[in-house]
Amino acid sequence: MGNTLTFLGLESSCDDTAAAIVRHTPGERPKILSSIVAAQTDLHAAFGGVVPELAARAHAEKLDLCVEEALQQAGLTLADIDAVAVTAGPGLIGGVLAGVMCAKGIAAGAGLPLVGVNHLAGHALTPRLTDDLAFPYLMLLVSGGHCQFLIVHGVEDFTRLGGTIDDAPGEAFDKTAKLLGLPQPGGPAVEAEAANGDPASHTLPRPLLDRPGCDMSFSGLKTALLRARDQAVATDGGLRRQVRADLCAAFQDAVGDVLAEKSRRALTLYLDRNPPEPAFAVAGGVAANRHIRALLETVSDQSGARFIAPPLHLCTDNAAMIAWAGLERFRAGHTDDMTLAARPRWPLDQAAPALVGGGRKGAKA
């Protein structure tokens, strides 16, 4: 099979336990042979969000089962695997540690190379897995715990143009859902409710649009929604279904406007570098929001850049992106040993100053 590589990937940075197998032959498109995701939605539903201790325990219980299922789905055994890739950070440290220890055990037992992967790099390199995107491209990583604009120059070469200074958009969606009595995860719940609402019914702020640059803020938007909810409850003696839908639509519209305008600014900075094949990619859980995705595609089209959005199942946390990022790191000559450590923080752009703030889903990298 020549230089064909088959990688097992493990992901456990938040509340999805995942294992996947990806195969790649140079000159051909990568193949996802299997992708298993064991969600913890029911486990955390009663708490209105992810409980780190419960998540870590669930990861420890499910990781080996997910690996076994991924191998079965691909019709392979560990003897067919060339290396093991694992999320080594950033994320909830208990879950990351569970994944790293499981990967070490598999690598040691099967005599396989071990490759630690930055979870954010997994998202950032997903367009290369799905669309064979050439470097350099602009990436908006927008998820439950992170939000940042990156110019992706190479497998381990990133320039951050800006990011959230407080809550990530996905975290703001989750908090909004909790405030409005909607189930978790909040992103899909708010999007579904917003489909029946009027975004013009409530005036919500668009934070930081009056300031230059690509940094973002979503904490104040959440607070404004809380006040609008309280006012509606006081006026109507409760939160009517239509009012809740209107609030969801107004909130989603505000987040979309902020991301669209900041994307426009980031694209200007990126295009000033005269990339040979301009492209704007988006990944992360919030990229699954159809309204926001449509706004970002419009901005990209207006700038003349190719727009890339991975399939929805590869926008949320998954192990296929980790297997692929590990494969790319391996091809670039990078491997790890048994000293690989779990890291709660791991910025992609080592030269950029740390982003301010750390939300419920973990510190911003």
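This is a predicted model: local features need pLDDT of at least 70, side-chain atom pairs count only at pLDDT 80 or more; totals for chains, interfaces and linings use all residues.
Local features were taken at pLDDT of at least 70 and side-chain atom pairs at pLDDT 80 or more, whereas totals for chains, interfaces and linings use all residues. Residues are numbered from 1 along each chain as its sequence is written, and side-chain values use heavy atoms, with hydrogens and water left out.

Two packed helices are described by the angle between their axes and the distance between the axes. Helices are DSSP runs (H or I, at least four residues) numbered from the N terminus. Axes are lines fitted to C-alpha atoms over the stretch in contact, with angles from 0 to 180 degrees between N-to-C directions. The axes of α5 (residues 169-179) and α8 come within 11 Å and cross at roughly 170°. The two helices are therefore roughly antiparallel (over 145 degrees; under 35 counts as roughly parallel, 65 to 115 as roughly perpendicular and the rest as oblique). Contact (heavy atoms within 4.5 Å) joins Pro169, Ala172, Phe173 and Thr176 of α5 to Phe251, Gln252 and Val255 of α8. Five of these residues are nonpolar, two are polar and none is charged. In this classification Ala, Val, Leu, Ile, Met, Phe, Trp, Tyr, Cys and Pro count as nonpolar, Asp, Glu, Lys and Arg as charged, and the others, Gly among them, as polar.

For α5 and α7 (219-236), the axes come within 10 Å and cross at roughly 15°. This angle makes α5 roughly parallel to α7. The crossing is right-handed, meaning that the near helix is turned clockwise from the far one by less than a right angle (left-handed if anticlockwise). Lys175, Thr176 and Leu179 of α5 meet Lys222, Leu225, Leu226 and Arg229 of α7. This contact has three nonpolar, one polar and three charged residues.

The axes of α5 and α6 come within 7 Å and cross at roughly 65°, and the crossing is left-handed. Phe173, Asp174, Thr176 and Ala177 of α5 make the contact with Gly186, Gly187 and Val190 of α6. By class, three of these residues are nonpolar, three are polar and one is charged. In α6 (residues 186-194), the buried residues are Gly186, Ala189, Val190, Glu191, Glu193 and Ala194. Buried means under 20% relative accessible area, exposed over 50% and partly exposed in between (1.4 Å probe, protein chains only). The buried residues of α6 pack against α5, α8 and α9 (290-303).

A nonpolar core is a set of buried Ala, Val, Leu, Ile, Met, Phe, Trp, Tyr and Cys residues joined through side-chain atoms within 4.5 Å. The largest such core has 84 residues, and Tyr137, Leu140, Phe251 and Leu259 have the most contacts inside it. Its largest share, 14 residues, comes from α8. A second, separate core of 28 residues includes Val67, Val100, Cys102 and Ile106.

Phe218 lies in the loop between α6 and α7 and counts as buried because its relative accessibility is 0%. Beyond four places in sequence, its contacts include Pro169, Ala172, Val255, Val258 and Leu259. The C-alpha atoms of Phe218 and Leu208 are 9.2 Å apart, with the residues 10 apart in sequence. Arg265, in helix α8 (residues 241-271), also counts as buried, at 18% relative accessibility.
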